[in-house]
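Please walk through the following protein chain one site at a time.

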Amino acid sequence: MKLSKTYTDTIEFNYELKNLPKNKIIKKSNNEIIKVQLEATGIKFISFSLFEKTILIDFNQLEQVDDNYYLANERIKSVVQENLELPNGSFDIKTKDINISTYKLYSKKVGIQSRINIDFATGYDSVADFQFTPDSLTIYGNQTVLDTIHSVSTQQKTVHKVKESLEDRIAIDLSQLDIHDISQKEVDYKLKVAKYTEKKIKLPIDVINVPDNMKLSIFPKEIQMNIEVELQHYDDITNKDFRLICDYKKREKDDNVLTPYLDMKPKHIKNIRFNTSKVNYLIRE
């Protein structure tokens, strides 16, 4: 083939759809290629053979009939000319049309579960749970499959001897998910970490829902509580930040026992433990 000589031949081009909506999946197409009869110099034909060119078709350019989409011959010609930068009259399209059938994808927003294992340095712990950005992701797929998925998980990761807050990016584990797509495959995460120390506080017990005509004696009258508190807030936490109650309506009638629980507590504490889990009561005449 001489580089400067003009030839006429038919070339086959692959095509791809761009801007395909996330809720659409291509089921089948009547034509996988576009045949172009081209009149051009030898160097033009050589360039097409050396550098495979894929014709991009904007999905929005297709005509729709129900779940089927098509591109007529004249419209194909316009798209090919735009993609290949061909002059008018130098080519013809031998592909009659392109017909594409689709099926619908469903979507669902789900939360993110952490599989990040943290090995804290002695005396350190997390202040709160992991915070992910975004805090949820959208998955796409078959409706029946999506109904069984309630969350997605991060990849497994272990971080050792942690004593400072963490901030990083991690991939979502897609290996066990039978889905077509997901809104993003990585998320940012943060974990606030602080140094904790133990603190002991004695709390008086407040009994609620006692009938007006009844006098009640309880033992003990106060309970010692052990907590872990952020070191920087150690002096800020006092027994005034708590309310320890027993509900007479929830008593164990056969044993004359009440169960204490916290009705009010501050932030910056964790691992609450009482030196007793039962309060005895006596009804006075």
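Glu32 counts as exposed, at 54% relative accessibility; exposed means over 50% relative accessible area, buried under 20%, and partly exposed in between, with a 1.4 Å probe and protein chains only. This is a predicted model, in which local features need pLDDT of at least 70 and side-chain atom pairs count only at pLDDT 80 or more, while totals for chains, interfaces and linings use all residues. Residues are numbered from 1 along each chain as its sequence is written, and side-chain values use heavy atoms, with hydrogens and water left out.

Glu32 sits in the loop between β2 (24–29) and β3. Helices (H or I, at least four residues) and strands (E, at least two) are DSSP runs, numbered from the N terminus. Leaving aside neighbours within four places in sequence, Glu32 is in contact with Asn14 and Tyr15, where contact means heavy atoms within 4.5 Å. Glu12 is 20 residues from Glu32 in sequence, and their C-alpha atoms are 9.8 Å apart in space.

The chain as a whole can be described next. Its secondary structure comes to three helices and 26 strands. The radius of gyration is 35 Å, whereas a compact globule of 285 residues would have a value near 19 Å; the radius is taken over C-alpha atoms, and the globule rule is 2.2 Å times the number of residues to the power 0.38. Along the principal axes, the C-alpha trace spans about 115 × 45 × 25 Å. Of the 285 residues, 33% are buried. Among contacts between residues at least 6 apart in sequence, 72% join residues at least 24 apart.

The protein chain exposes about 18200 Å², and carbon and sulfur atoms supply 44% of that area. Accessible areas come from the Shrake-Rupley method with a 1.4 Å probe, and for residues only the protein chains shown count as cover. There are 43 positive and 43 negative side chains, and the centres of the two sets lie 3 Å apart. In this count Lys and Arg are positive and Asp and Glu negative, with His and the chain ends not counted; each charge is placed at NZ of Lys, CZ of Arg, CG of Asp or CD of Glu.

Helix α1 covers residues 42–50, and its buried residues are Gly42, Phe45 and Phe48. Seen down the axis of α1, these buried residues fall within an arc of 125°, so they line one face of the helix; the arc is that of the directions from the helix axis to the C-beta atoms. Ile43 and Leu50, on the other side of α1, are exposed. The cover over the buried residues of α1 includes β1 (6–18), β3 (33–41) and α2 (73–84).

Beyond α2, Ser90 lies in the loop between α2 and β7 (91–93). Ser90 is buried, with a relative accessible area of 11%. Apart from neighbours within four places in sequence, Ser90 is in contact with Gln37, Leu38 and Glu39.

Two prolines follow cis peptide bonds. The bond from Thr133 to Pro134 is cis, with omega near 0°, and Pro134 is in the loop between β12 (131–133) and β13 (136–141). Phe219 and Pro220 are likewise joined by a cis peptide bond, with omega about 0°. Pro220 lies in the loop between β20 (215–219) and β21 (222–230). Outside four places in sequence, Pro220 contacts Ile205, Thr276, Lys278 and Val279. Pro220 and Val279 are 59 residues apart in sequence but 6.3 Å apart in space, C-alpha to C-alpha.

Strand β21 holds Asn226, which counts as buried at 17% relative accessibility. Not counting residues up to four places away in sequence, Asn226 touches Glu198, Lys199, Lys200, Asn271, Ile272 and Arg273.

Asn209, in the loop between β19 (193–208) and β20, has a positive phi near 60° in a residue other than glycine. Asn209 is partly exposed at 38% relative accessibility. His268 is not a glycine either, yet its phi is positive at about 75°. The loop between β24 (260–264) and β25 (269–274) contains His268, which counts as partly exposed at 30% relative accessibility.
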